[in-house]
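Here are my notes on this model. Please read them with the structure open.

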Amino acid sequence: MFPPNTYIRRYVPEDKYSILMLEAEAFDEHNPYEYLGFYEVFQDGFFVCVQNDDVVGFIVGYALSDLEGHIFSLAVSKFHRNRGIAELLVNHICTYFLFKGLKKASLEVRISNVPAISLYKKLGFAAAWIESKYYGDGEDGYMMTVNLNSYFFQKEQTRMSRELNKKKEEGVN
């Protein structure tokens with residue numbers, strides 16, 4: 001499902017230039033240097049996706065409370081989008097949250113970001129409310145959440161369904 005030589009690992013300072021480039025490419029409304037400084041505060045929940053030794057995406061999350069993990073930022077290189085990398089990163093941070101004992105994950109997304117909203121809905125996130133004028137340019141944002149137990153139950157159901165369909169296809173041939 002994912003390209004070969006693709007894996008997730010924790011951010012290291014040597015990734016700085018790659019993260020700045022991804023930041024500048026994905027988010028034009030803020031200064032990437034300021035955000036990188038913020039991300040580095042949360043290094044424990046700062047992960048990068050590496051493909052053939054290149055950083056092609058990243059995700060940053062942290063514990064918002066004793067029960068909730070918050071996905072603060074997610075970016076994938078425009079040349080690597082629609083290949084499952086964002087899903088891989090979200091799966092990784094949700095696993096990280098679950099291992100920290102958190103029960104829920106949350107995030108914000110621009111209401112105009114239809115591809116991201118579709119991905120989050122596919123993964124089980126639901127819009128909890130709209131935050132009016134959330135972004136610096138005045139655009140509203142959806143606040144989306146998912147129960148982590150439901151998230152992983154849905155993932156397992158999907159995996160089992162694919163496995164069953166594969167076995168049925170093999171039996172037909």
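How far apart are the mean positions of the positive and negative charges of the protein?

1. Charge. The mean positions of the 19 positive and 23 negative charges are 7 Å apart. Lys and Arg count as positive, Asp and Glu as negative; His and the chain ends are not counted. Each charge is placed at NZ of Lys, CZ of Arg, CG of Asp or CD of Glu.

2. Basis. This is a predicted model: local features need pLDDT of at least 70, side-chain atom pairs count only at pLDDT 80 or more, and totals for chains, interfaces and linings use all residues. Residues are numbered from 1 along each chain as its sequence is written, and side-chain values use heavy atoms, with hydrogens and water left out.

3. Fold. The protein has 5 helices and 7 strands (DSSP runs, numbered from the N terminus: helices are H or I, at least four residues; strands are E, at least two). Their order along the sequence is β-α-α-β-β-β-α-β-α-β-β-α.

4. Burial. Of the 173 residues, 40% are buried (under 20% relative accessible area; exposed is over 50%, partly exposed in between; 1.4 Å probe, protein chains only).

5. R10. This residue sits in strand β1, residues 6-10. R10 is partly exposed, at 38% relative accessible area. Beyond its neighbours within four places in sequence, R10 contacts D15, Q43, D44, F46, F47, V48 and Y96 (contact: heavy atoms within 4.5 Å). A polar atom of the R10 side chain lies 2.7 Å from the backbone oxygen of D44.

6. Distance. The C-alpha atoms of R10 and N165 are separated by 35 Å. Along the chain, R10 and N165 are 155 residues apart.

Note on methods:
A polar contact is a pair of N or O atoms within 3.5 Å; within protein, one must be able to donate a hydrogen and the other to accept it, and residues adjacent in sequence count only if both atoms are side-chain atoms.
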